[in-house]
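Subject: Structure handover

Hi,

Here is the structure for you to look at. Please open it first, then read my notes below.

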Amino acid sequence: MLKKVSFLILFTLLLVACEDSEKMNFVGKTKEWDVEFEVLVDDENPTGELEIQYIGENPIPEEITYLIQSPNGTISGTNFLNEEGIFTTIEENCSSCTSVDETTEMAILIEWEKQTELFTLQFE
C-alpha cells in the first residue's frame with residue numbers, strides 16, 4: 001500500500017513539473033529539404049528534437065552538414081541520412097532552445113554534395 005501511495009505522489013509531481021514545459025514547433029521547407037525542430041521550453045533542461053528530411057528529386061545524399069542559428073546560439077553537425085533521407089537528433093540541455101517564442105525565426109544552413117541551401121524555420 002505504501003508503494004502505491006508513493007508511486008501516486010511521484011507520478012503527480014512529475015505531471016506538475018511537466019506542466020511548466022511548453023512544446024514549440026519550428027518548421028521550414030524548400031524544394032530539397034523539409035525540416036522540423038521541436039523545442040521543449042523548460043527552464044531547467046531545454047531540449048530540441050531536430051528532423052531533417054531530403055525531399056529533392058536527385059538521389060539521397062549520404063552526408064549533410066547543418067547549422068541552425070537561433071537568438072541564443074547555434075546548433076550544428078555533420079551527419080548521415082538514413083535510407084529514407086532522414087536525419088534525427090535530440091539536443092539535451094539545448095542553450096539555443098531557451099527564450100524562443102511564437103515570433104522567433106531561426107536560420108538553417110544545409111550543405112550537401114557541393115550544394116548549399118539557407119532558409120528560415122518559423123513557429124507553426
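How many residues lie between β4 and β5 in their hairpin? Two residues separate β4 from β5 there.

First, the ground rules. This is a predicted model, where local features need pLDDT of at least 70 and side-chain atom pairs count only at pLDDT 80 or more, while totals for chains, interfaces and linings use all residues. Residues are numbered from 1 along each chain as its sequence is written, and side-chain values use heavy atoms, with hydrogens and water left out.

**Strands and hairpins**

Strands here are DSSP runs of E with at least two residues, numbered from the N terminus. Two strands pair if DSSP finds at least two bridges between them.

Strand β4 covers residues 63–70 and strand β5 residues 73–80. They run antiparallel, joined by eight bridges. Q69 has T74 in β5 as its bridge partner.

β4 also pairs with β7, again in the antiparallel sense, over five bridges. There, Y66 stands opposite I110 in β7.

β7 pairs with β8 too, antiparallel, over eight bridges. L109 has L118 in β8 as its bridge partner. β7 and β8 form a hairpin with two residues between them. E113 sits in that turn and has a positive phi of about 35°.

Buried means under 20% relative accessible area, exposed over 50%, and partly exposed in between (1.4 Å probe, protein chains only). Side chains alternate along β7, residues 105–112. M106, I108, I110 and W112 point to one face and are buried.

**Aromatic pairs**

Rings of Phe, Tyr and Trp (its six-membered ring) pair if their centres lie within 6.5 Å; planes under 30 degrees apart count as stacked, over 60 as edge-to-face and the rest as tilted.

The structure holds four aromatic pairs. One of them is F26 with F123: the ring centres are 5.9 Å apart and the planes are at 70°, so this pair is edge-to-face. F26 lies in strand β1 (residues 22–29) and F123 in strand β8 (residues 115–123), so the pair ties together parts 97 residues apart in sequence. F26 counts as buried because its relative accessibility is 0%. F123 is at 32%, so it counts as partly exposed.

Y66 and F87 have ring centres 5.6 Å apart and planes at 40°, so their pair is tilted. Y66 is in β4 and F87 in strand β6 (residues 86–91), 21 residues apart. Both Y66 and F87 are buried.

Finally, W33, Y54 and W112 form one aromatic cluster.

Best wishes

Conventions: Helices (H or I, at least four residues) and strands (E, at least two) are DSSP runs, numbered from the N terminus.
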